[in-house]
Amino acid sequence: MGRVDLGPDEKLQITRSVWQDYESYKSKLGRGGGAFVVTESGTSSGYSYCPGDHCRPGSFTQSAIELCEKAGVKCLVFAQGTTIKVDYEIVD
């Protein structure tokens, strides 16, 4: 399965519950960083983060993508830390 990339003019449509998951993820982040991924359908999400200071940089994105792959779906990186990496819109 793996990672999905959006076209240059595409926006990822995410549900309100995915946005709420993102808000929850942000509240858990420490100085260690993290990554938030969203399924290509925009209806599910997952994340990986480090609550402390002593984590290996760069491992979060791979861990989050692996969570999606284990679930058998394609995902894309929505945010690294709190920096959103894709154009998106929230749909009901």
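What follows is a dialogue on reading the features of a predicted model.

Trainee: Let's get oriented. How many helices and strands does the chain have?

Mentor: Keep in mind that this is a predicted model. The chain has 2 helices and 7 strands, and along the sequence they come in the pattern β-β-α-β-β-α-β-β-β.

Trainee: What share of the residues is buried?

Mentor: Of the 92 residues in the chain, 38% are buried. As for the surface, the chain exposes about 5500 Å², and carbon and sulfur atoms supply 45% of that.

Trainee: And among contacts between residues at least 6 apart in sequence, what percentage join residues at least 24 apart?

Mentor: That figure is 65%.

Trainee: On to the cores. Which residues touch the most other members of the largest nonpolar core?

Mentor: That core has 13 residues, and Leu12, Ile14, Tyr22, Phe36, Val38 and Phe78 touch the most other members. At least two residues of this core come from each of β2, α1, β3 (34-39) and β5 (74-80). Helix α1 gives the most, with 4 residues. There is also a second, separate core of 9 residues, with Ala35, Cys50, Ala64 and Val77 among them.

Trainee: Let me zoom in on Leu12. What does it touch beyond residues up to four places away in sequence?

Mentor: Quite a list: Leu12 touches Leu6, Val38, Thr39, Glu40, Leu76, Phe78, Val86, Asp87, Tyr88 and Glu89.

Trainee: And Thr15, is that buried or exposed?

Mentor: Thr15 lies in strand β2 (residues 12-15). Its relative accessibility is 19%, so Thr15 counts as buried, the cut-off being under 20%. Leaving out residues up to four places away in sequence, Thr15 touches Gly42, Thr43, Ile90 and Val91.

Trainee: Now strands. Why would a strand have two distinct faces?

Mentor: Because in a regular strand the side chains alternate between the two faces of the sheet. Here, take β4 (residues 45-49): Gly46 and Ser48 make up its covered face, while Ser45, Tyr47 and Tyr49 make up the uncovered one.

Trainee: Which way do β3 and β4 run relative to each other, parallel or antiparallel?

Mentor: They run antiparallel, with 5 bridges joining β3 to β4. The hairpin has 5 residues between the two strands, and in it Gly42 takes a positive phi near 80°.

Trainee: What should I know about the disulfide?

Mentor: The general idea is that a disulfide is a covalent bond between the sulfur atoms of two cysteines. In this structure there is 1 disulfide, joining Cys68 to Cys75 with an S to S distance of 1.9 Å. The angle about the S-S bond is -85°, and the link is left-handed.

Trainee: Are those cysteines, Cys68 and Cys75, buried or exposed?

Mentor: Cys68 is buried, with a relative accessible area of 7%, and Cys75 is buried too, at 0%.

Trainee: Last one. Which residues form the salt bridge?

Mentor: The structure holds 1 salt bridge, between Lys26 and Glu23, whose closest N and O atoms are 3.7 Å apart. To read it, look at the spacing in helix α1 (residues 16-28): Lys26 and Glu23 are 3 residues apart, so they are separated by about one helical turn.

Trainee: How do Lys26 and Glu23 count in terms of accessibility?

Mentor: Lys26 counts as partly exposed at 30% relative accessibility, and Glu23 counts as partly exposed at 33%.

Terms used: Residues numbered from 1 in each chain as written. Predicted model: local features only at pLDDT ≥ 70, side-chain atom pairs only at ≥ 80, totals over all residues. Heavy atoms only, no water. Buried < 20%, exposed > 50% of the residue type's maximum accessible area, 1.4 Å probe, protein only. Contact = heavy atoms within 4.5 Å. Areas by Shrake-Rupley, 256 points an atom, 1.4 Å probe, with all protein chains shown as cover. Salt bridge = Lys/Arg side-chain N within 4 Å of Asp/Glu carboxyl O. Core = buried A, V, L, I, M, F, W, Y, C linked by side-chain atoms within 4.5 Å. Disulfide = S-S within 2.5 Å. Pairing = 2+ DSSP bridges.
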